[in-house]
Amino acid sequence: MIRRKEQEVSRLKCGITVPVVGLGTYSFENDRETTELAVHMALQMGYRHFDTAKIYGSEAALGGALTRAIEDGMVEREDVFVTSKLWGSDHHDPVSALNQTLQSLGMEYVDMYLVHWPVKLKPGTYKAVPAEDEFEAVVDLETTWAGMERCLDMGLCRCIGVSNFSSRKLLRLLDFASVPPAVNQVEMHPMWRQSKLREFCREHNIHVSAYSPLGGPGNSWGTTAVLNNPIIQSIALKHNATPAQVALGWGLSKGSSVIVKSFNRDRLKENMGAHDLRLDDQDLLEIEKLEERKVMRGEVYVNETSSPYKTLRDLWDGEI
């Protein structure tokens, strides 16, 4: 079994710990073999946190790679932290959806199960960009969350949370949740700093997990603006680090976990190196000066007819 320096972890309000640097597996362009090889490489480098979702199409590849690693004695199941997510068309039955996810993963449980978006779609709609007639007009979060709590009660997951929720939507959820969300996974990077949301989550002991912590470069919707920013590059030069390590180090300095998607060996190693970077107060002040712009805006979940969100402001409750 491979042993290396233990990853830094954060303790969640549900009592478990999450490694603060995770590997995202959203990657439609890669086949199963490519994804499995990337997961294997990541395990060798010490990654123990893996993020997937039904809509990513990577659950089977991730599960296959982890199962082989466990069978080979490389890791034990309790050493890895696996997150998956409830897609919008499964809000009517989270238990069945999670059972399907577990079947794809070949696992008995996931460590974290998240409501992917505060968007409800008609059953059977498994597209990242739904058609206008595939929305449900009302998002009944109370019923959805009751199903998430059943998943927890049945031992299908160790913790439950949400993704892409604004402060206002979290507050509404907290009004009726018997088990409050332990995590809110959102876009967060030096050019979309989520100050208001992070403060709300801090007050309510909700861990913020950052997706696209580098701005999503390499994705069709992503940007290289974060890594190419002169301030980020200057801070990197000062610390003999890379711009990616500075961006990730900033997220870690805010107490967040960071989910980075790369299947490249050198970048996997580079991203893990963010653990060793310590930004100083001046670095953090400089980053606060950066102009902000959200990259993953969610326009596909907004329309004036069938979606409950008529504008982007409705979707994000003004946090955009």
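Colleague: Is Cys14 buried, partly exposed or exposed?
Modeller: This is a predicted model. The relative accessible area of Cys14 is 35%. Buried needs under 20% and exposed over 50%, so Cys14 counts as partly exposed.

Colleague: Which residue does Cys14 join in a disulfide?
Modeller: The cut-off for a disulfide is a pair of cysteine sulfur atoms within 2.5 Å. The S to S distance of this pair is 1.7 Å. By that rule the count comes to one disulfide. The partner of Cys14 is Cys159.

Colleague: What handedness does the disulfide of Cys14 and Cys159 have?
Modeller: Look at the torsion about the S-S bond. For Cys14 and Cys159 the torsion is about -120°, so the disulfide is left-handed.

Colleague: How many residues apart are Cys14 and Cys159?
Modeller: Cys14 sits in the loop between strand 1 (9-11) and strand 2 (17-19). Cys159 sits in the loop between helix 4 and strand 7. The pair links distant parts of the chain, and the separation is 145 residues.

Colleague: How far from Cys151 is the nearest cysteine sulfur?
Modeller: Cys159 is buried, at 1% relative accessible area. Cys151 is in no disulfide, and the nearest cysteine sulfur is that of Cys157. A disulfide would need the sulfur atoms within 2.5 Å. The distance from Cys151 to the sulfur of Cys157 is 5.4 Å.

Colleague: What span should helix 4 have, given its 13 residues?
Modeller: Helix 4 covers residues 141-153. The rule is 1.5 Å times one less than the number of residues.

Colleague: Which elements do the buried residues of helix 4 pack against?
Modeller: The buried residues of helix 4 include Leu141, Trp145, Met148 and Cys151. Cys151 has a relative accessible area of 0%. The buried residues of the helix pack against strand 5 (81-86), helix 3 (94-105), strand 6 (112-115), strand 7 (160-163) and helix 5 (167-176).

Colleague: How far apart in space are Val260 and Leu23?
Modeller: Val260 lies in strand 10 (residues 257-260) and is buried, at 4% relative accessible area. Its contacts include Gly22, Leu23 and Gly24. Val260 and Leu23 are 237 residues apart in sequence, yet their C-alpha to C-alpha distance is 5.2 Å.

Colleague: Which residue meets Lys294 in a salt bridge?
Modeller: A search of the whole structure finds 19 salt bridges. In the one with Lys294, the N to O distance is 3.0 Å, and the cut-off is 4 Å. The partner of Lys294 is Glu187.

Colleague: How many residues separate Lys294 from Glu187?
Modeller: Lys294 is in the loop between helix 11 (281-288) and helix 12 (312-316), while Glu187 is in strand 8 (residues 183-187). Lys294 is buried at 2% relative accessibility, and Glu187 is buried at 0%. The separation of Lys294 and Glu187 is 107 residues.

Colleague: In the salt bridge of Glu292 with Arg193, which residue is buried?
Modeller: The closest N and O atoms of Glu292 and Arg193 are 3.5 Å apart. Glu292 is partly exposed, at 36% relative accessible area. The value of 4% falls to the buried residue, Arg193.

Colleague: Which residues are linked with Glu36 in a network of salt bridges?
Modeller: Side chains of opposite charge can pair when their charged atoms come close. The residues linked in the network with Glu36 are Arg32 and Arg68.

Definitions and conventions: Residues numbered from 1 in each chain as written. Predicted model: local features only at pLDDT ≥ 70, side-chain atom pairs only at ≥ 80, totals over all residues. Heavy atoms only, no water. Helix = DSSP H or I, 4+ residues; strand = E, 2+ residues; numbered from the N terminus. Buried < 20%, exposed > 50% of the residue type's maximum accessible area, 1.4 Å probe, protein only. Contact = heavy atoms within 4.5 Å. Salt bridge = Lys/Arg side-chain N within 4 Å of Asp/Glu carboxyl O. Lists of a residue's contacts leave out its neighbours within four places in sequence.
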